[in-house]
Amino acid sequence: MGALESVDVSFRYPRTRDLVVEGWSQRFDPGTVTAVTGASGSGKSTRLYVLALMARPGAGQILLDGGRVDDLPDTHRAALRAERFGFVFQDAALDPTRTVLDNVVESCLYRHEDPHTARTRALDLLERMQVEVPENRRPGQISGGQAQRIAVCRALVGCPDVIFADEPTGNLDEDSARVVLAMLREQADDGACVIIVTHDRATASWADVHVAVTAPEATR
Ligand SMILES: Nc1ncnc2c1ncn2[C@@H]1O[C@H](COP(=O)(O)OP(=O)(O)O)[C@@H](O)[C@H]1O
Ligand SMILES: [Mg+2]
């Protein structure tokens, strides 16, 4: 795959109309881990949502493999997200009604993958991520750190080209954080474009590229 790029992107949430991202241009390359840092409220999560085609920029463009993708119809953008992107939300955002294993394999069903293959890959990821809970547990009965690692498994199960991780080690002890980062590094080594939002300086300096963001001047 090629790069993912924001070109002069600005963004406002419809409710407040406040400018959250202003004139942001940044390129993210395959095979690379990029750390995005910035103060709380500086628009890090918002930038990930716009890059991951979950929110449309008010101005500017998102390019994938050199082609514009932000202006595609919703169904086409949803298909790109399902087929090419993996997203780890800040709060894990697991489905409380599904088991641990079903949470991980859910996205494979949208892509009409063979259920047996998906299940095997999910179990392998859960084991490698050292999620030591029975696969039929539900998210209400696990720790925050386990939920976070399960969310990483869910994002990786489809072998995505681009992985977005919003503070993926925020809830984790040092050992678990190392496991998660090693896994993200492995994806980049395999050619994925990995974008991590982090507050952790060590993680930012461990990344290949460090992007520091700030809120637009008018809102600071
Ligand atoms: N759904 C929303 N509606 C309106 N404003 C929002 C919404 N989500 C976030 N914001 C605002 O946008 C700004 C950036 O938020 P966010 O991207 O979550 O920052 P960060 O991830 O860097 O902490 C903040 O001022 C926040 O209050
Ligand atoms: Mg955030």
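In this predicted model, four strands form an open sheet in the order 2-1-4-5, and their pairing is antiparallel. The edges of the sheet are taken by strand 2 (19–28) and strand 5 (67–68), each of which has a single partner strand, so that one side of each remains without a neighbour in the sheet. Strand 1, spanning residues 4–12, and strand 4, spanning residues 59–64, are joined in the antiparallel sense over five bridges, and within this pairing Leu 4 has Leu 64 of strand 4 as its bridge partner. Helix 1 (residues 44–51) packs on the sheet, where it touches strand 1, strand 2 and strand 4, and its direction makes about 60 degrees with that of strand 2.

Polar side-chain atoms of several shell residues lie close to oxygen atoms of ligand 1, at 2.8 Å for Lys 44, at 2.9 Å for Ser 45 and at 2.5 Å for Thr 46. On its own, ligand 1 has 570 Å² of accessible area, of which the protein covers 59%.

Note on methods. Residues numbered from 1 in each chain as written. Chains lettered and ligands numbered in written order. Predicted model: local features only at pLDDT ≥ 70, side-chain atom pairs only at ≥ 80, totals over all residues. Heavy atoms only, no water. Pairing = 2+ DSSP bridges. Helix = DSSP H or I, 4+ residues; strand = E, 2+ residues; numbered from the N terminus. Contact = heavy atoms within 4.5 Å. Axes fitted to C-alpha atoms, helices over the stretch in contact; angles between N-to-C directions. Polar contact = N/O pair within 3.5 Å; in protein donor to acceptor, adjacent residues only side chain to side chain. Areas by Shrake-Rupley, 256 points an atom, 1.4 Å probe, with all protein chains shown as cover.
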